[in-house]
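I set out to record what could be looked up in this structure, entry by entry. The entries run from the chain as a whole to single residues.

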Amino acid sequence: MTEKELHDYLKTYYPIENEKCEWKEFKSLKNSVSGDSASDIISYISAIANMQGGNLIIGIQDKTLNIVGIQDFAGYTIENIRFRINGNVTNLNVDEFSVRECITSDTNKVVWIFHIPKHQFRLPVYAHKKAWQRIDDNLVEMTKARLDAILEQVQINEDWSKVIIPEATLDDLDIEAIIKARVEFKKRNPKYSAEVDNWNDVDFLNKAKLTIKGKLTRTALILLGKDESEHYLGSSVKIRWNLKTIDNQDKDFEIFSVPFILSVDEVYKKIRNLKYRYLRDGTLFPDEVLRYEPFIIRESLNNAIAHQDYSKGARINVVEFEDDHLVFSNYGSFLPKSVEDVVLNDTPEEVYRNPFLVEAMKNLDMIETQGGGIRKIFNFQKQRFFPLPDYDFEDNKVKVTIIGKILDENFAKIIIKNSNLGLDEIILLDKVQKQKEISENEFKYLKKLKCVEGRRPNIYLSYKIIESTNDEDLKVEYLANRSFDDSHFKDMILEYLKKWGKTKRNKIDNLIIPKLSTALSEEKKKNKVTNYLSALRMEGKIINRPGYFWEIV
């Protein structure tokens, strides 16, 4: 194909750089295949393999996709490159790894396309004795969360919850729990509502997928088992509710055992879901809501039950911080690619840690079907103008924090006045509200929408949104954050030195720092002054005299 045809082909099939695709120029392969870590070919192969697999295209210009071609092959050929790479990369699935060569017919330029398979089961791919991954446009050493996700990877045929307990019988199930299960099954499966009452317990448990051919599974004991039958599970299967003061002092606690279909209601009753009042703009009548939408409490707790790694013998925890927030945590890594993927794409999860348990919980109306529960939680918080849920995956746990109040009134006003904002935009603005760092791509997206100003990590809400609230306090905050441009401060320094002569650095700090953006840390403000002084010195306008004095040249 011609160079134009190849360029069009690449734009069609590899149009954007992301976790699955990387463009690199690499005109010379000398020291590029296995050279500097974090910048050579094997590092990129490790990073792409450790996510979902994908492609590395070399011989094209980064960002523009202009074809430059490989010009110095350094002895590498399409035949030997696979084996050279495999010798320098650990755990790469070489049988599925391939390299395709494209040569332009009119300009004789060579492009190589590396087809990189996803890492093998529980085997991270290493280059330079390190596992790599892509985060946005950056190639970095693999995070602990991603490494844990690979090492704790679950296969469908490894379902702890599906195991049959031969010694257990129907006598080990709680009668009240079975009655509750029948009621909930009819809600979820109305087509059987006329038949359920005629089924005996064995038939009902089979149809609800709690048992297998009448034999009790771990799932049946988790959801319906008597407290004294917990020993069959071989580990501690409990939920711990803990009440704390806002400054983390313990006030009360209680531990709940199986059957979880009843324990969920008991935990719910423990949580003090008080009324929360707040005023909307333009009215004297307050909105009054419960701090926590009941669905959020039940869904978060049931998700923890469904995805708990019971083989670790750890408890599920529900921590209530008085009149402020709830924290739900369960042991085990978060299996979907990301929370944002689940929420924004509104797609069901592809892999579950306990698929048999999950199916039974769906049948008993304990969790949402088709992966929509997490999205509903986000939307309920959005409707209240409360902060969105926070997910923490440290220490091989999933920890979900639900805040039951308005965290930032200014942010709430912005959401109220801008109903056209999508959930993806609110998720990013929520990070800004919580002063969390956002990626370069996320920042560029918000900047393009004119939602934020400043520079990472010190960004702040933009005037376009703030203006629509007609809130004077927000406008003052905006002006304080925005500051002035660099030339303004350099002129201030020059004017000060012209008027007062030779001056020490601390005097210049006192002049400039109070006027810099309040979004900057003290350290960054001092660095700003240093940069202004250095720039003026390099421009030949000022000079640094012995004793750390500055004066006009």
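The entries below concern the model shown above.

**Basis.** I worked from a predicted model, in which local features need pLDDT of at least 70 and side-chain atom pairs count only at pLDDT 80 or more, whereas totals for chains, interfaces and linings use all residues. I number residues from 1 along each chain as its sequence is written, and side-chain values use heavy atoms, with hydrogens and water left out.

**Whole chain.** I looked up the secondary structure of the protein chain and found 20 helices and 23 strands. Helices (H or I, at least four residues) and strands (E, at least two) are DSSP runs, numbered from the N terminus. Of the 553 residues in the protein chain, 48% are buried; buried means under 20% relative accessible area, exposed over 50%, and partly exposed in between (1.4 Å probe, protein chains only). I then took the contacts in the protein chain between residues at least 6 apart in sequence, and 63% of them join residues at least 24 apart. Contact here means heavy atoms within 4.5 Å.

**Cysteines.** I searched for disulfides, defined as pairs of cysteine sulfur atoms within 2.5 Å, and the count is 0. I also checked burial: C21 is buried at a relative accessible area of 6%, and C102 counts as buried at 6% relative accessibility.

**The four-stranded sheet.** I traced an open sheet of 4 strands in the order β1-β2-β5-β4, with mixed pairing. Two strands pair if DSSP finds at least two bridges between them. The edge strands are β1 (21-24) and β4, each of which pairs on one side only. Neighbouring strands of this sheet are turned by 15 degrees against each other on average, direction ignored. β1 pairs with β2 (residues 54-58) in the parallel sense over 4 bridges, and K24 stands opposite I58 in β2. Helix α1 (residues 3-13) packs on the sheet and touches β2, β4 and β5 (110-116), with its direction at about 25 degrees to that of β5. For such angles, axes are lines fitted to C-alpha atoms (for helices over the stretch in contact), and the angles run from 0 to 180 degrees between N-to-C directions.

**N93.** I located N93 in the loop between β3 (89-90) and β4 (98-103). Is N93 buried or exposed? N93 counts as buried, at 15% relative accessibility. Leaving out residues up to four places away in sequence, N93 touches P117 and Q120.

**Two hairpins.** I followed β6 (residues 126-127) into β7 (residues 130-135); the two pair in the antiparallel sense over 2 bridges. The bridge partner of Y126 in β7 is A131. Their hairpin has 2 residues between the strands, and H128 takes a positive phi near 55 degrees there. β7 is also joined to β8 (residues 138-141) by 4 bridges, running antiparallel, and Q133 has V140 in β8 as its bridge partner. In the hairpin of β7 and β8, with 2 residues between the strands, D136 takes a positive phi near 60 degrees.

**Nonpolar cores.** I define a nonpolar core as a set of buried Ala, Val, Leu, Ile, Met, Phe, Trp, Tyr and Cys residues joined through side-chain atoms within 4.5 Å. The largest has 87 residues, and L223, L224, F260 and L364 have the most contacts inside it. Helix α9 (residues 294-307) supplies the largest share of this core, 7 residues. A second, separate core of 28 residues includes F26, L29, I70 and F114. I listed the neighbours of F260 beyond four places in sequence; among them are I222, L223, V237, I305 and M366.

**A helix pair.** I examined α14 (residues 423-433) and α15 (residues 440-448), which pack at an angle of about 110 degrees with their axes 11 Å apart. That makes α14 roughly perpendicular to α15, a class that covers 65 to 115 degrees, while angles under 35 count as roughly parallel, over 145 as roughly antiparallel and the rest as oblique. At the contact, D424, E425, L428, L429, K431 and V432 in α14 meet E442, Y445 and L446 in α15.

β22 pairs with β23 (residues 549-552) over 4 bridges in the antiparallel sense, and the bridge partner of N544 in β23 is W550.
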